Amino acid sequence: CSSERIDMVAPLKRSLPSVTLPSMDDLSESRVLIVDDVKTNVDILVEALRDEYKLSVAIDGAAALRSVEKSPPDLVLLDIVMPGLDGYEVCRRLRAYKPTREVPVMFLSSLEDVKNKALGFEVGGNDYLTKPFEVLEIKARVRSLLKAKAYADAVREAMARDLRIAREIQMGILPADLAAATKSTGLEISAAIEPAREVGGDLYEVLRVSDSRVVVALGDVSGKGIPAAMFMAVAVTVLRTLARHIAEPDEILRRLNDELLEQNPLGMFVTMQCLVFDLAKRCV
């Protein structure tokens with residue numbers, strides 16, 4: 001399978017980041033954890049997969065959990081009936097453990113009842129195959145699960161990269177040199193901002209609009225994440241324009257409110273205070 005560039009576009013003008021599908025060479029670096037207390041089953045799986053992937057083996061549930069703590073695998077092939085912790089409990093703990101929350105789990109079990117299979121999916125399994133199994137089917141399912149995980153990892157990394165860039169852009173919108181805006185005014189203004197997520201809707205502004213006037217604003221957009229960050233950028237941009245042409249803070253906010261009401265289909269809003277420091281009159 002050669003690398004292939006794919007752009008996925010969803011409805012409502014939302015799109016996933018462009019990602020590169022993993023090649024089979026990439027999958028050969030994937031690590032598969034085999035968990036089974038029966039040596040014969042382990043031997044069959046090792047023989048089937050050792051030439052294509054990196055393998056680890058655990059003979060019971062406790063050993064499997066110790067293994068994933070040291071090095072989370074890319075896929076777990078998990079027996080159910082084992083001494084101590086059974087496969088269901090191991091899967092539950094894998095899903096509760098952040099480093100393995102998204103790792104695919106395929107149950108390999110002699111339990112054939114529908115209720116056993118249903119429970120396997122309820123505790124977080126991605127696939128379920130009953131013993132005895134065909135080696136070709138195992139190999140095909142393993143390859144499919146690993147490709148799906150590799151693609152999901154690539155999408156998450158692309159989204160994380162885009163969010164990092166968005167954060168840099170957002171931080172660049174906010175004023176960086178507050179000292180320049182307050183030089184020779186007698187004012188000392190400092191600011192710090194740390195979004196709860198990569199980006200958010202908090203904002204501040206310090207503008208030297210004339211020799212005797214400094215405008216300071218502090219605001220918080222409703223919500224979090226990308227929508228709040230975009231609305232924050234609009235609010236700051238409009239605020240700057242208005243503050244340079246309007247003297248009174250209440251009028252600045254009234255006009256800002258009117259502008260933000262225009263083309264606001266999500267009904268977002270920003271809570272804001274606006275102060276005007278009149279240096280000549282020494283009042284706020």
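Helix 6 passes helix 8 in a left-handed crossing in this predicted model. Helix 6 covers residues 135-173, and helix 8 covers residues 225-243. Their axes come within 10 Å. The crossing angle is roughly 20 degrees. An angle under 35 degrees counts as roughly parallel. Helix 6 is therefore roughly parallel to helix 8. From helix 6, the contact draws on L163, A166, Q170 and I173. Helix 8 supplies I226, A229, M232, A233, V236 and R240. By class, eight of the residues in this contact are nonpolar, one is polar and one is charged.

On the helix 3 side, the contact is formed by G61, L65 and V68. These residues meet V90, R93 and L94 of helix 4. The contact of helix 3 with helix 4 comprises four nonpolar residues, one polar residue and one charged residue. Why are two values, an angle and a distance, quoted for a helix pair? Two packed helices are described by the angle between their axes and the distance between the axes.

V135 lies in helix 6. Is V135 buried, exposed or partly exposed? Its relative accessibility is 35%, so V135 counts as partly exposed. The cut-offs for that class are 20% and 50%. Beyond its neighbours within four places in sequence, V135 is in contact with I44 and A48. V135 and K39 are 96 residues apart along the chain. Their C-alpha atoms are separated by 16 Å.

The overall fold was then considered. The protein has nine helices and ten strands. Its C-alpha trace spans about 90 × 40 × 35 Å along the principal axes. The radius of gyration is 28 Å, whereas a compact globule of 284 residues would have a value near 19 Å. How much of the protein counts as buried? Of the 284 residues, 40% fall in that class.

Terms used
Residues numbered from 1 in each chain as written. Predicted model: local features only at pLDDT ≥ 70, side-chain atom pairs only at ≥ 80, totals over all residues. Heavy atoms only, no water. Axes fitted to C-alpha atoms, helices over the stretch in contact; angles between N-to-C directions. Helix = DSSP H or I, 4+ residues; strand = E, 2+ residues; numbered from the N terminus. Parallel < 35°, antiparallel > 145°, perpendicular 65-115°, else oblique. Left-handed = near helix turned anticlockwise from the far one by under 90°. Contact = heavy atoms within 4.5 Å. Nonpolar A, V, L, I, M, F, W, Y, C, P; charged D, E, K, R; others polar. Rg over C-alpha atoms; globule rule 2.2 N^0.38 Å. Buried < 20%, exposed > 50% of the residue type's maximum accessible area, 1.4 Å probe, protein only.
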